[in-house]
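Here is a short tour of a two-chain model, written to be read with the structure open beside you. Shall we begin with a single side chain and work outwards from there?

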Number of protein chains: 2
Amino acid sequence: MKRYAVIVAGGQGVRMGADRPKQFLEVGGKPILRHTIERFLAFDPTIEIIVVLPAAQKEVWRDYCRGNNFLERYSMVSGGITRFHSVQNALKYVGDEGVVAVHDGVRPLVRRDLLERTFEAALRWPAVVPAVPVVESLRRLDGEENSVPVRRDGMMLVQTPQIFEAGVLKNAYQQAFSTAYTDDASVVEASGVAVHVIPGDRINLKITTPEDLQLAEGLLTLFSF
Amino acid sequence: MKRYAVIVAGGQGVRMGADRPKQFLEVGGKPILRHTIERFLAFDPTIEIIVVLPAAQKEVWRDYCRGNNFLERYSMVSGGITRFHSVQNALKYVGDEGVVAVHDGVRPLVRRDLLERTFEAALRWPAVVPAVPVVESLRRLDGEENSVPVRRDGMMLVQTPQIFEAGVLKNAYQQAFSTAYTDDASVVEASGVAVHVIPGDRINLKITTPEDLQLAEGLLTLFSF
């Protein structure tokens with residue numbers, strides 16, 4: 001079965017206080033995005049990878065790849081104004097057959113076992129997402145000062161890769177954009193296809209803060225990928 | 001101002017697949033619970049610590065402490081049938097003046113900075129909880145097969161230490177037990193006192209799975225406490 005991986009690294013953000021968008025920051029001596037791409041290539045050297053980058057960053061990444069012997073086989077497409085539009089752009093390069101993994105560029109700690117389990121589940125269900133249980137109490141901020149407790153039972157933190165039948169995902173992304181979409185699963189669900197949840201991996205961190213970067217640095221040395 | 005720390009290690013669980021409740025498992029060569037107690041003592045040597053343990057585990061812990069030169073000054077009380085009842089037991093040893101931190105025994109990675117910030121905030125608000133934003137999509141499992149997406153905006157993962165004016169906390173714990181209570185903040189809130197949220201610390205992990213244990217092992221070497 002034909003496999004695609006859409007790696008979404010559309011962030012322009014320099015919220016981390018660094019001089020580059022976070023997908024280009026280095027952990028373990030390599031840009032986060034490179035780790036992420038390498039995970040998928042190591043899992044399946046025949047996988048077709050589509051990397052979504054902000055238009056302004058494509059040249060930066062090309063330069064890095066040229067200069068650092070990372071001339072791996074993948075396509076590059078420009079990010080849109082939201083994640084939805086970024087994935088929509090990427091899907092132009094995806095055929096109607098096979099399965100598509102959509103993965104956050106800033107999740108470099110995705111382990112082989114999780115890739116195996118998600119792709120395997122995708123043989124049985126049209127839409128698969130990995131998720132881990134919330135172990136802490138939840139509270140929703142309501143304005144600056146107020147907050148309300150939120151019921152935790154059954155609550156899961158959704159990770160990536162989220163894997164879909166190519167046709168299902170492409171069809172879902174023909175819908176009009178809505179701010180209610182928080183991930184690809186929610187887009188697919190809105191198109192009427194049920195989403196199947198499988199166990200995620202707590203190590204599969206989404207790097208969003210300087211602390212996460214430090215954390216990822218350590219995790220790279222502690223776990224095998 | 002008089003400071004108390006109620007460290008809740010009431011778990012009997014051996015879900016981790018180990019031979020001991022998780023608060024006794026070792027990271028960095030020491031039981032998790034010892035790390036946790038040491039954080040509070042390092043922050044404030046005069047703090048009054050009350051450790052809540054399952055009745056059946058008190059002797060185990062006493063033996064460990066005797067055998068390992070950890071004869072630090074703290075009281076031990078027996079856990080109740082729920083976390084609510086455990087904290088209720090501990091509050092019998094708390095006076096009416098001062099502030100009380102309630103902290104999970106399985107959060108050994110609480111850093112000095114977070115302790116400083118929470119205790120400082122407690123000078124201004126009667127109920128303070130640290131929390132970090134949810135960065136992932138949320139989904140609630142509804143039975144075995146179904147799940148529904150949950151709005152993420154404003155959603156926070158609540159950590160400990162949660163810090164309260166002693167009188168406020170003791171008063172709140174005179175209420176009847178409810179399964180709606182997920183943490184001390186929710187108990188205090190039910191008594192009519194508003195809870196103030198301050199930024200938590202993503203490193204302040206709650207150890208609940210074998211992966212967390214491995215993670216904590218690494219974090220102990222990566223960060224300073």
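D212(A) is buried, with 0% relative accessible area (buried is under 20% relative accessible area, exposed over 50%, partly exposed in between, with a 1.4 Å probe and protein chains only). Its partner across the chain boundary is R202(B): the two form a salt bridge whose closest N and O atoms are 2.8 Å apart (a salt bridge is a side-chain nitrogen of Lys or Arg within 4 Å of a carboxyl oxygen of Asp or Glu). This pair runs between chains, from helix α7 (residues 210–222) of chain A to the loop between β12 and α7 of chain B. Helices (H or I, at least four residues) and strands (E, at least two) are DSSP runs, numbered from the N terminus. R202(B) is partly exposed, at 23% relative accessible area.

A word on the ground rules: this is a predicted model, in which local features need pLDDT of at least 70 and side-chain atom pairs count only at pLDDT 80 or more, while totals for chains, interfaces and linings use all residues. Residues are numbered from 1 along each chain as its sequence is written, chains are lettered from A and ligands numbered from 1 in the order in which they are written, and side-chain values use heavy atoms, with hydrogens and water left out.

**Where the chains meet**

In this model, 47 residues of chain B are in contact with 47 residues of chain A, contact meaning heavy atoms within 4.5 Å. Together the two chains bury about 4200 Å², 52% of it on carbon and sulfur atoms; buried area is the accessible area (1.4 Å probe) that two parts lose on being put together, summed over both. E136(B), R139(B) and R140(B) supply 17% of the area that chain B buries against chain A, more than any other three residues.

Between chain B and chain A there are 26 residue pairs in polar contact, both residues at pLDDT 80 or more. A polar contact is a pair of N or O atoms within 3.5 Å; within protein, one must be able to donate a hydrogen and the other to accept it, and residues adjacent in sequence count only if both atoms are side-chain atoms. Which element of chain B gives the most to the side that touches chain A? That is α7(B), with 7 residues. By class, this side of chain B has 20 nonpolar, 11 polar and 16 charged residues. Here Ala, Val, Leu, Ile, Met, Phe, Trp, Tyr, Cys and Pro count as nonpolar, Asp, Glu, Lys and Arg as charged, and the others, Gly among them, as polar.

Strands also cross the boundary: β10 (residues 155–158) of chain A pairs with β8(B) in the antiparallel sense over 4 bridges, where pairing requires at least two DSSP bridges between two strands. Within that pairing, V158(A) stands opposite S137(B).

**Salt bridges**

Over all chains the count comes to 38 salt bridges, and between chain B and chain A it is 8. Some examples follow.

| Pair | Closest N and O atoms |
|---|---|
| E189(B) and R139(A) | 2.9 Å |
| R111(B) and D201(B) | 2.8 Å |
| R66(B) and E59(B) | 3.9 Å |

R111(B) and D201(B) link distant parts of the chain, 90 residues apart. R111(B) is buried at 17% relative accessibility, and D201(B) is buried too, at 5%. In the other pair within chain B, R66(B) is exposed at 54%, while E59(B) is partly exposed at 40%. Shared partners also join R83(A), D104(A), R107(A), D184(A) and E136(B) into one salt-bridge network.

**Inside chain B**

β11 (residues 162–165) of chain B runs antiparallel to β6(B), with 4 bridges, and antiparallel to β7 (residues 127–133) of chain B, with 2 bridges. F164(B) in β11(B) is the bridge partner of V100(B) and also of A127(B).

T208(B) lies in the loop between β12 and α7 of chain B and is buried at 16% relative accessibility. Its side chain makes a polar contact with that of D212(B), at 2.8 Å.

**Backbone details**

Most residues other than glycine have a negative phi, and most peptide bonds are trans. The bond from T160(A) to P161(A) is cis, with omega near 10°, and a cis bond likewise joins T160(B) and P161(B), with omega about 10°. Phi is near 55° at N69(A) and near 55° at N69(B). N69(A) is exposed at 69% relative accessibility, and N69(B) is exposed at 70%.
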